[in-house]
Amino acid sequence: MRETPRPQGTAGESRPEPPQPRPGRALAHTTGASGSGTPHRSDGRPPQTPRGARYTDPGGRLGTTPPVPGRPALSPRLLLLVLCTLFFALTTWQVAARGPLRTLDERLDRSVVGDGPAALTELLADLGNMQVALPVLAAAAAYALHRRRRAHALAAVLAMALVPALVAPMKALTDRPGPLTAETGYYPSGHAATAMVAYFCAALLVSRRLMPVAALLTAATGIGLVLRGYHWPLDVLGSWFLCGALLAAGSLLVSSSRRRRSSAGTPSRRTGPS
C-alpha cells in the first residue's frame, strides 16, 4: 500500500503556508516589481481610479469624470435689464389703456399731494433739474477721465443724452395729463429720469460705495415730485424702470467691450522658434 505524502512542515503547525509565486508570473497586487510576492496594493503604482484625479462638484463632494456641465448662470445685469423692461412695459400699458393700475395710481396721488413741508418737497423735486443733476455728472465724468476710465465716462454721458431721446416719444405716446393741470405729456417723468441716470452714473464713475447715496437722492427726487403734485406716482415709477433698463444695458456694453479689449491685448503664446 502506498502512503499518502505528508505536507512539508514542522510538527505542530496547523496553518498552511502562503502560496508561493510561480516563476515568470506576477500577482495581481505587487509592489511594482514583477514577482515580488507581497499581496498588497502598490504604493508606487497609481490606483485604477486615482482620488486625486477625480473632479469635485461645487459642494466639494467627489463627482464624475469629466464633470457634468451645469446650467449657465444668468448675469445680474441681464436679469435687471429684463425685469426693468417688463415692468416699464406693464406700467406704460396701464397708463395708455387707463387700466386699474392707473386708477389706483390717481387715487393714491390725490391722497398725498400737498403733504409735507412745501419748502422741503420743492427742494427734493429740484434734485431732478438739469441745473442740479448735470454738474454732478460732469464732475464725476471729469474724475473718471482723470483716472483714465474713458469708456465709463463716455457711457455715462451717452446714457444721459439718451434720456430725452427716450422720454420725449413716450410722453407723446401716452399723452397723460398732470395731477394739477390739464396739460399732457407727464408720463414718464423727465425729472425722475434725469436724477436717476445722473446720480447713479456719478456713483459708478467715482466709487460703488456711493450707490446708496445715489439711490437715496433718486428716491428723494421722486417723492418730492409726487408730493408737490408735479407727477403721478406711476410717472416716477415708469421713469425708474426705463432708466434701470438703460443703465443695465450700458453696463453690459461696457463690460463686453472691456472683455474684448482684454482678449485682444493678450499676447499669443509661441510654440517654437520663428
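**Charged residues in a predicted model**

Me: Which helix gives the largest share of the positive patch?

Reply: This is a predicted model, in which local features need pLDDT of at least 70 and side-chain atom pairs count only at pLDDT 80 or more, while totals for chains, interfaces and linings use all residues. Residues are numbered from 1 along each chain as its sequence is written, and side-chain values use heavy atoms, with hydrogens and water left out. The largest share, 3 residues, comes from helix α8 (residues 233-265; a helix is a DSSP run of H or I, at least four residues).

Me: Is Arg259 buried or exposed?

Reply: Arg259 lies in helix α8. Buried means under 20% relative accessible area, exposed over 50%, and partly exposed in between (1.4 Å probe, protein chains only). Because its relative accessibility is 53%, Arg259 counts as exposed.

Me: How many residues apart are Arg176 and Glu106?

Reply: Arg176 forms a salt bridge with Glu106 (a side-chain nitrogen of Lys or Arg within 4 Å of a carboxyl oxygen of Asp or Glu), the closest N and O atoms being 3.6 Å apart. Arg176 is in the loop between α5 and α6, and Glu106 is in helix α2. The pair links distant parts of the chain, 70 residues apart.

Methods. Helices (H or I, at least four residues) and strands (E, at least two) are DSSP runs, numbered from the N terminus.
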